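Here's a walk through a protein model, one piece at a time. Keep the structure open beside you as you read.

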Amino acid sequence: MNESRTAGRPRAAAPFLLVATLALVVAACSSPAAATPSPTDTPASPSLAEPTPSSEPTATPGPRLYTKVKVGEEQYVTVTEVESWPGNDTQQPAAGTAFQSVSIRIDAITTTSFTSEDFTVRAPDGNIYPESPPGRSPHLSFQNGMTPNTYWEAFVTFEVPLVDADELFLLYSPDFVDAPVEIQLY
């Protein structure tokens, strides 16, 4: 008889362990950190890969990140990062200016091409600034014959007056659209 009581005791702890484990799993799954993807989930270097589905962007102050913009019938363009870049040993901003680096992701809808020279930024006063190559690495540069359902992501850097650095619009003028596509950065 003594043996049957010993065998029954571990069973009494089993429901408690099951409930405790289930509570931990539910708590972990409902954590905001687990549900929100971070910008570091995207590739750190230029990449040509399959695009992944993205959730709807949320309105936040600062750069307008992760808003997917359809460009013609060939591409989606998404800004994934905007920040000041201090330069490097060979490239420094002039006095009174700053480098603004924009990480751009291009998703191919059809076979398409792009070049970083198609990107400029417009300041609130209407002045337009071209890229400052080579800029921050990895550099977006040029891609020809990008196949459908792949993407490329890298930086384009612009040198702008300090007074305009936080109020820029990205303009994209590929040869397959009639007018530039404008994306508000701030």
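Predicted model: local features only at pLDDT ≥ 70, side-chain atom pairs only at ≥ 80, totals over all residues.

Start at the hairpin made by β1 (68-71) and β2 (75-85): three residues sit between the two strands, and glycine 72 in the turn has a positive phi of about 55°. Strands here are DSSP E runs of at least two residues, helices are H or I runs of at least four, and numbering goes from the N terminus. β1 and β2 pair in the antiparallel sense, over four bridges; to count as paired, two strands need at least two DSSP bridges between them.

Residues are numbered from 1 along each chain as its sequence is written, and side-chain values use heavy atoms, with hydrogens and water left out.

Back to β1, which has two faces: Val69 and Val71 are on the covered one, Lys68 and Lys70 on the uncovered one. In a regular strand the side chains alternate between the two faces of the sheet.

Now for the inside. The largest nonpolar core has 29 residues, meaning buried Ala, Val, Leu, Ile, Met, Phe, Trp, Tyr and Cys residues joined through side-chain atoms within 4.5 Å. Buried is under 20% relative accessible area, exposed is over 50%, and partly exposed is in between (1.4 Å probe, protein chains only). Ile104, Ile106, Phe119, Leu140 and Leu170 have the most contacts inside this core. The largest share, five residues, comes from β8.

Take Phe119: leaving aside neighbours within four places in sequence, its contacts (heavy atoms within 4.5 Å) include Ile104, Ile106, Leu140, Leu170 and Glu131.

Next, follow the open sheet, four strands in the order β6-β5-β9-β10 with antiparallel pairing. β6 (128-130) and β10 are the edge strands, each pairing on one side only. Inside this sheet, four bridges join β5 to β9, and arginine 122 stands opposite phenylalanine 169 in β9.

Finally, which strand holds glutamine 100? That residue lies in β3. Glutamine 100 counts as buried because its relative accessibility is 1%. Its side chain makes a polar contact with the side chain of serine 84 (2.9 Å); such a contact is a pair of N or O atoms within 3.5 Å, and within protein one must be able to donate a hydrogen and the other to accept it, while residues adjacent in sequence count only if both atoms are side-chain atoms.
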